[in-house]
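Thanks for coming. I will walk through one protein this morning, starting with a few side chains and ending with the overall layout. Please have the sequence and the structure open.

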Amino acid sequence: MAGFATSRPASLALAALLAFLNLFAFLLAVGAERRRSTGKVVPDEYDLRSYCLYDTDASTVYGVSAFFVLLLAQALVTAATRCLCLGPALSSRGCAVASFVLSWITFLTAEACLIGGSVRNAYHTKYLGYYMKHDLVTCATLRKGVFAAAAALMLINLLASLMYYWSYSRAATGGFIKHQNEVGMSMTDYGLDKGGSMP
């Protein structure tokens, strides 16, 4: 039981670290959504051509940062639980299997939104139009809501990951206690048998 007692703080520390990383990635995704680059068509001051003028690319930096932070969080929970197939017997626990699948689905979808949104946000229209003909009327920009969707998926991923990690820890703890009880019962039975055989 001493080994189990020392593993409890580490489990709580890992859960707190996962929550911190997911919330940090969430804030980065929200920042990316708020700082999406915008472009407007402006005339060139030296000729009659027009071009797209873009503001800051901070959204791309936030999106890429959120991508790697979320990747780190998923890697930690995967390493701690050694994946579903290598951990304790969780196949009979519907909650653990459902949270495991939900965690990976939300993770992959959020990562796709983050990297796709970052790449699209970094794309700038290079076309030069003729200002007097008005043939350049819009500039390519990232549509609203891509990073917001990733942020929402991160919260779901956090809940699913914590639920899966809790189920894993509970299964591992239950197995340990069960094993200890079986060993204790076996020793008791052995002692009774030995005592019964004595004159």
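Phe 107 is buried, because its relative accessibility is 5% and the cut-off for buried is under 20%. Keep in mind that this is a predicted model. Where do Trp 104 and Phe 107 sit relative to each other along the helix? They are 3 residues apart in helix 4, which covers residues 94-122, so about one helical turn separates them.

How many aromatic pairs are there by the ring-distance rule? The count is 4. One of them is Phe 67 with Phe 68: the planes are at 90° and the centres are 5.2 Å apart, so this pair is edge-to-face. The pair of Trp 104 and Phe 107 is edge-to-face too, with 5.5 Å from centre to centre and 90° between the planes.

Back to Phe 67 and Phe 68 for their accessibility. Buried or exposed? Phe 67 counts as buried, because its relative accessibility is 19%. Phe 68 comes out at 51%, and so it counts as exposed. For these two, the cut-offs that matter are under 20% for buried and over 50% for exposed.

Next, helix 1. This helix runs over residues 2-34, and Phe 20 lies in it. Phe 20 counts as exposed, at 53% relative accessibility. On the surface, Phe 20 forms a nonpolar patch with Leu 17 and Phe 24, and together the three have about 290 Å² of accessible area.

Asn 22 lies in helix 1 as well. Is Asn 22 buried or exposed? Asn 22 is buried, with a relative accessible area of 3%. What does Asn 22 contact, leaving aside its neighbours within four places in sequence? The contacts are Leu 70, Ala 73, Met 154, Asn 157 and Leu 158.

Now to helix 5. Leu 162 is in this helix, which spans residues 146-197. Leu 162 is partly exposed, since its relative accessible area is 26%. Not counting residues up to four places away in sequence, Leu 162 touches Ala 15 and Leu 18. There is also a C-alpha distance to look at: Leu 162 and Ser 99 are 63 residues apart along the chain, and their C-alpha atoms are separated by 8.6 Å.

On to the cysteines. A disulfide is a covalent bond between the sulfur atoms of two cysteines. A search of the whole structure turns up 1 disulfide. Which residues form it? The partners are Cys 52 and Cys 139, with sulfur atoms 2.1 Å apart. This link is left-handed, with -100° about the S-S bond. The two cysteines come from distant parts of the chain, 87 residues apart: Cys 52 is in strand 2 (residues 49-54), and Cys 139 is in the loop between strand 3 (129-130) and helix 5. Cys 52 and Cys 139 are both buried. As for another cysteine, Cys 113 counts as buried, at 19% relative accessibility.

Then the charged side chains. The search of the whole structure finds 1 salt bridge. In this salt bridge the side chain of Glu 33 meets that of Arg 36, at 3.4 Å from N to O. Glu 33 counts as buried, because its relative accessibility is 14%. Arg 36 is partly exposed, with a relative accessible area of 21%.

Last, the whole protein. How many helices and strands does it have? There are 5 helices and 3 strands. Along the sequence they follow the pattern α-β-β-α-α-α-β-α. The protein has 199 residues, and 34% of them are buried. Among contacts with a separation of 6 or more, 79% are between residues 24 or more positions apart. The accessible surface comes to about 12,000 Å², and carbon and sulfur atoms account for 68% of that.

To close, two items to find on your own screens.

Notes: Residues are numbered from 1 along each chain as its sequence is written. This is a predicted model: local features need pLDDT of at least 70, side-chain atom pairs count only at pLDDT 80 or more; totals for chains, interfaces and linings use all residues. Side-chain values use heavy atoms; hydrogens and water are left out. Rings of Phe, Tyr and Trp (its six-membered ring) pair if their centres lie within 6.5 Å; planes under 30 degrees apart count as stacked, over 60 as edge-to-face and the rest as tilted. Buried means under 20% relative accessible area, exposed over 50%, partly exposed in between (1.4 Å probe, protein chains only). Helices (H or I, at least four residues) and strands (E, at least two) are DSSP runs, numbered from the N terminus. Contact means heavy atoms within 4.5 Å. Patches are made of residues with over 30% relative accessible area and no salt bridge: like charges are joined within 9 Å, nonpolar side chains (Val, Leu, Ile, Met, Phe, Trp, Tyr) within 5 Å. Accessible areas come from the Shrake-Rupley method with a 1.4 Å probe; for residues, only the protein chains shown count as cover. A salt bridge is a side-chain nitrogen of Lys or Arg within 4 Å of a carboxyl oxygen of Asp or Glu. A disulfide is a pair of cysteine sulfur atoms within 2.5 Å.
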